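Me: I have a chain open here and want to go through it piece by piece. Can you take my questions as they come?
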Amino acid sequence: MEKYTVLPYSAGVTDAAPPDVFDKLNARQREAARAGDEPLLIIAGAGTGKTSTLAHRVAHLILEGVAPERILLLTFTRRAALEMTRRAERIVSQAFQLKGGAAPAVRLAWSGTFHAVANRLIRMHCGRVGLDESFSVLDRGDAADLMDVARHELGFTKVEAASRRFPKKDTCLAIYSHKVNTQGSLADTLKLAFPWCGEWEAELKRLFQRYVEKKLEAQALDYDDLLLYWHAMMGEPSLAREIGGLFDHVLVDEYQDTNVLQAGILLRLRPDGRGVTVVGDDAQAIYSFRAATVDNILGFPGLFGPAQDGSSAVRTVALEQNYRSTQPVLDAANALMRESATGFRKALFSGRREGPRPRYVTVADDAGQAQYVVTQVLEARERGVELRRQAVLFRSSHHADGLELELVRRDIPYVKYGGLKFLEAAHVKDLLAVLRWADNPRNRVAAWRALQLLPGVGPATAARIFTRLEAQGFSWKTLDTGAAEADELFVYLGD
């Protein structure tokens with residue numbers, strides 16, 4: 001691992017005033033960015049400069065002498081990690097330039113999502129958790145395919161033609177994922193999130209057991225396993241100390257959207273809370289359907305016990321100055337937040353005092369909603385607002401279905417942003433399946449998908465071919481038996 005020697009920012013200078021790079025922050029942001037190593041909770045209201053504050057905190061730590069490779073930055077998305085890293089590096093560079101010094105090269109070696117960091121740590125200690133160094137990581141599509149393999153082997157795919165319809169592979173995976181991430185019982189998951197699947201509890205237990213067995217046979221982990229393994233590793237005292245000892249500071253973004261496993265990992269990384277910073281907003285918790293729980297951020301102030309004076313050991317800083325909206329919009333948001341029986345109290349305010357008041361509109365149904373939106377779009381167009389300057393936001397892609405039909409009916413041109421990611425497109429996943437199987441012959445999921453690309457090969461034939469390969473020690477040559485599907489397979493794999 002590349003090492004850095006970074007002197008404290010104040011070293012070698014006589015001016016002890018705060019670095020100029022922090023002067024652009026408001027008082028609350030600056031307080032959060034320059035806090036000490038006590039447990040820190042930053043409640044970042046919507047549009048209050050959360051990313052900038054967190055990036056400045058990372059920069060502050062580096063300027064105070066913390067080695068970049070000893071900072072763990074956990075974000076909700078990979079893009080957020082890249083953006084945070086880029087900003088922190090720029091701030092450090094600006095700080096040294098303002099003092100006439102040469103900025104050191106800064107690289108945050110441990111910056112990424114919970115899952116990405118978990119993958120890296122598991123690979124570092126794979127032998128201690130019973131995994132091969134070459135274990136595979138299944139994306140959601142591959143995990144669903146493996147679940148389908150297990151369904152097929154248990155005969156549950158045949159039930160779909162009956163009056164009692166067994167859940168599809170994606171639903172089964174969603175149920176499994178919810179149970180794992182909540183660390184609750186299957187019965188609770190079915191009752192709370194999937195009540196229409198409650199009658200299949202016994203069959204789902206068998207399916208999930210077979211699914212886990214298939215993963216172990218293939219030396220493959222799904223996304224949920226990454227958190228499970230990391231959480232389990234932190235439950236072993238010596239390994240927990242070793243992993244925790246890698247870092248002086250742990251910073252977590254979007255903490256309101258973490259689940260039980262992620263909160264447990266953080267607590268085991270830093271049982272006393274020293275060097276922990278979490279950023280989030282309970283009013284923006286929207287991922288409960290993915291097993292995230294807002295209780296993590298609500299309970300954070302009491303997580304590490306009381307201070308000597310009896311107060312919370314956690315320092316809480318609330319960011320309330322909004323840089324995105326006008327005050328009338330914030331007044332509406334504040335009124336809604338005041339109605340909550342729980343949560344952190346905050347009052348968002350803006351320097352932009354004037355602006356139109358938001359409307360709360362009630363419609364009869366989805367069709368009425370689409371008609372109202374389109375009418376507003378046309379009225380704005382009549383006032384001179386071009387269509388390209390108007391936007392309609394929706395939570396999920398399918399929520400726009402009714403609106404799209406209404407736009408088409410009225411012959412209004414539009415562009416829709418959203419849909420499948422590139423790597424989730426069928427033809428891309430097909431190619432990746434071939435490459436993954438060639439790299440790891442034990443990868444049943446990749447084999448299952450790749451084999452069914454061949455003409456005339458369905459689930460039964462694919463299972464037979466893979467069974468033959470498995471029985472002969474996963475030697476590609478064993479497939480060269482003269483069978484039509486095997487001959488075509490070798491051409492397909494380029495053997």
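Reply: Of the 495 residues of the chain, 44% count as buried, where buried means under 20% relative accessible area, exposed over 50% and partly exposed in between (1.4 Å probe, protein chains only). This is a predicted model, in which local features need pLDDT of at least 70, side-chain atom pairs count only at pLDDT 80 or more, and totals for chains, interfaces and linings use all residues. Residues are numbered from 1 along each chain as its sequence is written, and side-chain values use heavy atoms, with hydrogens and water left out.

Me: How many helices and strands are in the chain?
Reply: The chain has 19 helices and 10 strands. Helices (H or I, at least four residues) and strands (E, at least two) are DSSP runs, numbered from the N terminus.

Me: Ok, strand 1. Is it mostly covered or open?
Reply: Mostly covered: five of the five residues in strand 1 (residues 40–44) are buried. Leu 40, Ile 42 and Ala 44 lie on one side, Leu 41 and Ile 43 on the other, and all are buried.

Me: Why two sides?
Reply: In a regular strand the side chains alternate between the two faces of the sheet.

Me: Which strands does strand 1 pair with?
Reply: Strand 1 pairs with strand 7 (residues 276–280) in the parallel sense, over four bridges. Strand 8 (residues 315–319) also runs parallel to strand 1, joined by five bridges. Two strands pair if DSSP finds at least two bridges between them.

Me: And what are the bridge partners of Ile 42?
Reply: Val 279 in strand 7 and Val 317 in strand 8.

Me: Switching to helices. How do helix 5 and helix 8 cross?
Reply: The axes of helix 5 (residues 140–153) and helix 8 (residues 201–218) come within 9 Å and cross at roughly 120°. Axes are lines fitted to C-alpha atoms, for helices over the stretch in contact, and angles run from 0 to 180 degrees between N-to-C directions. That makes helix 5 oblique to helix 8; angles under 35 degrees count as roughly parallel, over 145 as roughly antiparallel, 65 to 115 as roughly perpendicular and the rest as oblique.

Me: Which residues of helix 5 meet helix 8?
Reply: Among them are Leu 146, Met 147 and Arg 151 in helix 5, and the helix 8 side includes Phe 208, Tyr 211 and Lys 214. Contact means heavy atoms within 4.5 Å.

Me: Last one. Is Leu 192 buried or exposed?
Reply: Leu 192, in helix 7 (residues 186–192), is exposed, because its relative accessible area is 70%.
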